[in-house]
Amino acid sequence: MISVDKLLAAANDHQVKVLRLLQPQGEPDIIECDGRLYVPDKECEFIPEEFAISYVFDEQGNAKPVGKPSDDCERFYCSECGFDMGFASEDEPAWFENSYPWNPFFSYCPNCRARVRLPWSWLNKKEVGK
């Protein structure tokens, strides 16, 4: 993913055209400009079907409670469309790392094409169900 700083630097070098709106326009599903259609990126995250609380230790040895998929969790669900994907099994490829922070091996939901937002918001849950 390209950073905003790189985009602005490219715009200053006249490699990228930037359209600046003077007031908020909401969140359109499609933008039309000069006869071309642009679809803004939607973002999602994959949420475990079951949660547990675990502890991760920092460099000083302090325990930090974090949300994590429970040991029984087999699936993650897209927050945008509900598409589910599982951990690796004998008949499925590995879609997620099997340990903290359980990052995916993909950048976009294969179903709705929403961009996967990292880090996961559920990683810092203090209690199960909150």
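This short talk walks through the cysteines, the core, the salt bridges and the aromatic rings of one predicted model.

Hi everyone, first some ground rules. The model is predicted, so local features need pLDDT of at least 70 and side-chain atom pairs count only at pLDDT 80 or more, while totals for chains, interfaces and linings use all residues. Residues are numbered from 1 along each chain as its sequence is written, and side-chain values use heavy atoms, with hydrogens and water left out.

Let's start with the cysteines. A disulfide is a covalent bond between the sulfur atoms of two cysteines. Here, a pair of cysteine sulfur atoms has to be within 2.5 Å to count as one. How many disulfides does the structure hold? The number is 0. Take C44: its closest cysteine sulfur belongs to C78 and is 3.7 Å away, which is too far for a bond. C109 is in no disulfide either, with the nearest cysteine sulfur, in C112, at 3.8 Å.

Are these cysteines buried or exposed? We call a residue buried under 20% relative accessible area, exposed over 50%, and partly exposed in between, using a 1.4 Å probe and protein chains only. C44 is buried, at 0%, and C109 is buried at 0% too.

That brings us to the core. A nonpolar core is a set of buried Ala, Val, Leu, Ile, Met, Phe, Trp, Tyr and Cys residues joined through side-chain atoms within 4.5 Å. The largest one has 16 residues, and the members touching the most others are C44, F46, F76, F96, W102 and W120. Have a look at F46 in particular. Setting aside neighbours within four places in sequence, F46 has contacts (heavy atoms within 4.5 Å) that include F76, C78, F96, F106, C109 and W120.

Now the charged side chains. A salt bridge needs a side-chain nitrogen of Lys or Arg within 4 Å of a carboxyl oxygen of Asp or Glu, and that rule gives 3 of them. E43 pairs with R115, with the closest N and O atoms 3.4 Å apart. Strands here are DSSP runs of E with at least two residues, numbered from the N terminus. E43 sits in strand β3 (residues 43-44) and R115 in strand β9 (residues 115-116), so this pair links parts of the chain 72 residues apart. E43 also meets R117, at 3.5 Å from N to O. R117 lies in the segment after β9, 74 residues from E43. Together, E43, R115 and R117 are linked in a network of salt bridges. E43 is partly exposed at 36% relative accessibility, and R117 is partly exposed at 33%. Elsewhere, R75 bridges to D84, with the closest N and O atoms 2.9 Å apart, and D84 is partly exposed at 29%.

Last topic: the rings. Rings of Phe, Tyr and Trp (its six-membered ring) pair when their centres lie within 6.5 Å; planes under 30 degrees apart are stacked, over 60 edge-to-face, and the rest tilted. The whole structure has 5 such pairs. W95 and F106 are edge-to-face, 5.8 Å centre to centre with 80° between the planes. W95 is partly exposed at 29%, whereas F106 is buried at 13%. F96 and F106 are edge-to-face as well, at 5.5 Å and 75°.

Which residues form one aromatic cluster? They are F46, F76, W95, F96 and F106.

Terms used:
Helices (H or I, at least four residues) and strands (E, at least two) are DSSP runs, numbered from the N terminus.
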